[in-house]
Protein chains: 2
Amino acid sequence: MSRLHVTYSISAAAADVARRAEALAVEQSIEMPLDAVGERRIRDEIVGRVESIEPDGENRFRVVLGLATETTGGEVAQLISMIFGNCSLQDDVRLEDVAFPPELIAEFGGPRGGIAGLRALLGVVDRPLTSTALKPQGSSVETLATLCRTFALAEIDVIKDDHGIADQVAAPFAERAAACRRAVREAAEITGREVLYAPSLVGPPRALHERARIACGLGIKIVLVAPMVLGAATFHELVDSYPDLLFLAHPAFGGATRISPVWLFGRFFRLLGADAVIYPNYGGRFTYSPQVCRDIADAARGSWDALRPAFPVPAGGMTVDRVAEMTEFYGREVMLLIGGGLLSAGNALLERSREFVAKVAQR
Amino acid sequence: MSRLHVTYSISAAAADVARRAEALAVEQSIEMPLDAVGERRIRDEIVGRVESIEPDGENRFRVVLGLATETTGGEVAQLISMIFGNCSLQDDVRLEDVAFPPELIAEFGGPRGGIAGLRALLGVVDRPLTSTALKPQGSSVETLATLCRTFALAEIDVIKDDHGIADQVAAPFAERAAACRRAVREAAEITGREVLYAPSLVGPPRALHERARIACGLGIKIVLVAPMVLGAATFHELVDSYPDLLFLAHPAFGGATRISPVWLFGRFFRLLGADAVIYPNYGGRFTYSPQVCRDIADAARGSWDALRPAFPVPAGGMTVDRVAEMTEFYGREVMLLIGGGLLSAGNALLERSREFVAKVAQR
């Protein structure tokens with residue numbers, strides 16, 4: 001019988017942890033007193049099972065539960081409910097990792113393009129990718145498109161909307177996407193090389209589908225989405241629905257979850273189909289350690305069954321000065337994202353963007 | 001110019017808090033260096049503003065930011081990104097409360113039926129409501145329908161699927177919803193009073209819409225949803241799309257958010273249209289204090305602009321023995337949810353369910 005193996009970190013006294021783990025196994029499966037379960041099949045096959053308990057520091061344990069794959073119904077939303085629905089409400093539990101059975105890995109499918117797909121689209125084989133963001137929100141379509149053109153002239157590989165840009169009055173989605181797409185094409189006539197513009201998709205499901213269709217109609221090849229803002233199941237439905245799009249995942253609303261960021265951003269976003277995964281880099285405005293950042297990167301791009309690797313995209317307060325350090329740290333399979341660190345150049349934006357591209361090209 | 005006033009709790013030294021608050025205001029709006037913003041309108045109208053900073057314990061402050069309503073684009077997903085997208089990734093920040101401008105309150109709209117709507121459907125005016133759950137997942141359609149019939153014979157007001165029940169092989173949605181709806185009708189022929197069956201809606205957006213249409217076609221009047229599992233914007237789209245359905249909101253995946261549960265379950269779920277809001281009661285398997293539970297209840301049902309009040313639904317390890325205590329504590333405008341505490345009666349299920357109903361009727 002197929003089970004997911006879910007690893008939790010539990011804070012408990014040694015004398016209590018076995019009972020706590022059993023209670024968690026019930027909470028995350030049938031959620032009712034075991035002795036009130038009449039059917040043998042349910043006790044044997046549906047009730048969560050404690051697979052192992054290992055000490056992990058003082059009054060802390062790594063507990064692996066076996067949760068029946070059947071309980072997920074093969075759906076992302078229900079999967080979330082089963083692995084961390086109710087116990088998100090219990091402060092002593094943290095989700096660390098999930099080992100998925102092959103049928104769920106095949107069902108969710110991972111990136112359609114991933115690192116190879118993005119490299120193929122861009123024609124870049126032997127260096128890290130570069131990326132930047134169109135900001136600030138509140139700018140007009142014309143301003144954003146002009147900015148996009150400048151970045152495209154500098155040949156930054158992926159130019160994304162800031163995740164704060166949605167469908168506001170200042171720059172409505174359809175108009176903005178068309179103008180920025182045009183800007184990238186016009187720049188390509190000058191440089192001879194077409195880079196990618198990634199509009200930000202955010203909204204309720206129907207609007208997301210409408211905007212994704214608009215993007216496809218414009219020949220756009222990649223979009224920015226924040227899976228935790230949209231709901232992971234909504235994100236996965238988009239991946240499933242638009243085979244011509246690649247997906248750049250943003251970590252917004254994904255920080256305060258008591259879920260390991262290595263698992264959430266590196267593994268789960270990849271499993272659901274993210275081709276590239278943005279996360280807060282060490283040494284910027286966020287607090288992840290270098291080790292956590294390396295682990296996220298390796299989870300996103302490392303070997304995992306038949307799933308394609310996804311690009312790690314460290315970001316958040318990055319500057320051109322740190323390019324050498326970043327490529328040294330992450331190696332070649334990385335997309336470096338510098339947003340504000342380019343924009344602060346003011347009138348020298350094109351030059352600083354070119355400097356960014358040149359520094360990455362040297363690696 | 002319209003702004004949301006968002007209250008955060010920030011952990012910082014007194015000497016640093018002003019700078020920290022300014023950085024947060026930038027993070028949650030334009031997310032780029034202020035001095036690189038050329039347009040005056042953006043500096044004046046789009047950049048977040050620190051409205052106040054008040055001490056709140058040692059090295060802790062309540063900071064109110066004014067965030068431009070324009071930046072939300074009037075959409076739920078983007079609203080989430082603006083109030084807690086990036087700063088969810090910064091450990092020193094907790095979201096406490098949001099004061100919405102009238103246009104967003106009108107746009108999101110709150111419960112369509114709420115307390116009055118549910119009471120009208122049930123024909124119950126002068127007592128708390130009763131509720132229970134069909135469990136365990138893994139049971140067949142027949143087993144769940146039989147259970148549903150028993151609860152309906154006891155005249156429990158709202159009989160919901162366990163939130164662990166989705167569209168799994170053991171009891172697929174369409175078949176289960178039809179059978180449980182039938183069970184409720186058959187019981188009504190005996191008791192003379194029809195109660196409500198609330199199937200669990202969980203899945204990707206297209207499946208949710210398909211299942212909501214099936215529910216409407218069966219004459220079902222209320223559904224169970226977990227807004228944080230589905231994504232709040234997906235939840236709100238459902239509310240918007242099905243005027244004939246009421247919505248019972250489940251807190252799954254909503255615990256580990258560094259968002260005040262009073263705001264999230266009591267206010268935000270209500271704002272988005274929940275007619276009744278389930279939350280972990282004190283003294284059960286979860287750790288909220290009586291004060292937090294009372295505050296959630298009062299946020300859900302208290303006065304708030306023109307929004308209809310929603311039923312608070314305390315749950316989680318409740319028993320029939322606690323009915324008097326609960327109605328004493330919460331008063332009349334409450335729905336009491338007992339799941340496992342009924343099911344543990346085994347063969348005496350009908351009797352214990354009747355006891356539950358009788359105890360509530362006495363209040």
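In the predicted model described here, B:P136 lies in the loop between β5 (129-134) and α6 (141-153) of chain B, where helices (H or I, at least four residues) and strands (E, at least two) are DSSP runs numbered from the N terminus. The peptide bond that leads from B:K135 to B:P136 is cis, with omega near -10°. In chain A, the bond from A:K135 to A:P136 is likewise cis, with omega near -10°, and A:P136 is found in the loop between β5 (129-134) and α6 (141-153) of that chain. Most peptide bonds are trans, and most residues other than glycine have a negative phi.

Residues are numbered from 1 along each chain as its sequence is written, while chains are lettered from A and ligands numbered from 1 in the order in which they are written. Local features need pLDDT of at least 70 and side-chain atom pairs count only at pLDDT 80 or more, whereas totals for chains, interfaces and linings use all residues, and side-chain values use heavy atoms, with hydrogens and water left out.

Two residues of chain A other than glycine have a positive phi: A:N59, at about 55°, and A:E155, near 60°. A:N59 is placed in the loop between β2 (49-55) and β3 (60-68), and A:E155 is found in the loop between α6 and β6 (158-161). With a relative accessibility of 43%, A:N59 counts as partly exposed, and A:E155, at 25%, counts as partly exposed; buried means under 20% relative accessible area, exposed over 50%, and partly exposed in between (1.4 Å probe, protein chains only).

As for the chain as a whole, the secondary structure of chain A comes to 15 helices and twelve strands. The radius of gyration of chain A is 22 Å, which agrees with the value near 21 Å that a compact globule of 363 residues would have; the radius is taken over C-alpha atoms, and the globule rule is 2.2 Å times the number of residues to the power 0.38. The C-alpha trace of chain A spans about 70 × 40 × 35 Å along its principal axes, and 63% of the 363 residues count as buried. Of the contacts in chain A with a separation of 6 or more, 76% are accounted for by residues 24 or more positions apart, a contact meaning heavy atoms within 4.5 Å.

Chain B can be laid on chain A by a turn of 180° and a shift of 0.0 Å along the axis, with an RMSD of 0.0 Å, the copies being superposed by least squares on the C-alpha atoms of residues with pLDDT of at least 70 in both. This is the relation of a two-fold axis. In chain B, the C-alpha nearest the axis is that of B:G231, at 2.0 Å from it. The same surface serves both copies, in that 99% of the contact residues of chain B recur in chain A.

Within chain B, helix α1 (residues 17-27) has B:V17, B:R20, B:A21, B:L24, B:A25, B:V26 and B:E27 buried. These buried residues of α1(B) pack against β1 (3-11), β2 (49-55), β3 (60-68) and β4 (93-99) of chain B. Strand β1 of chain B contains B:T7, which is buried, with a relative accessible area of 12%. When residues up to four places away in sequence are not counted, B:T7 touches B:R62, B:V63, B:V64, B:R94, B:L95, B:E96 and B:D97.
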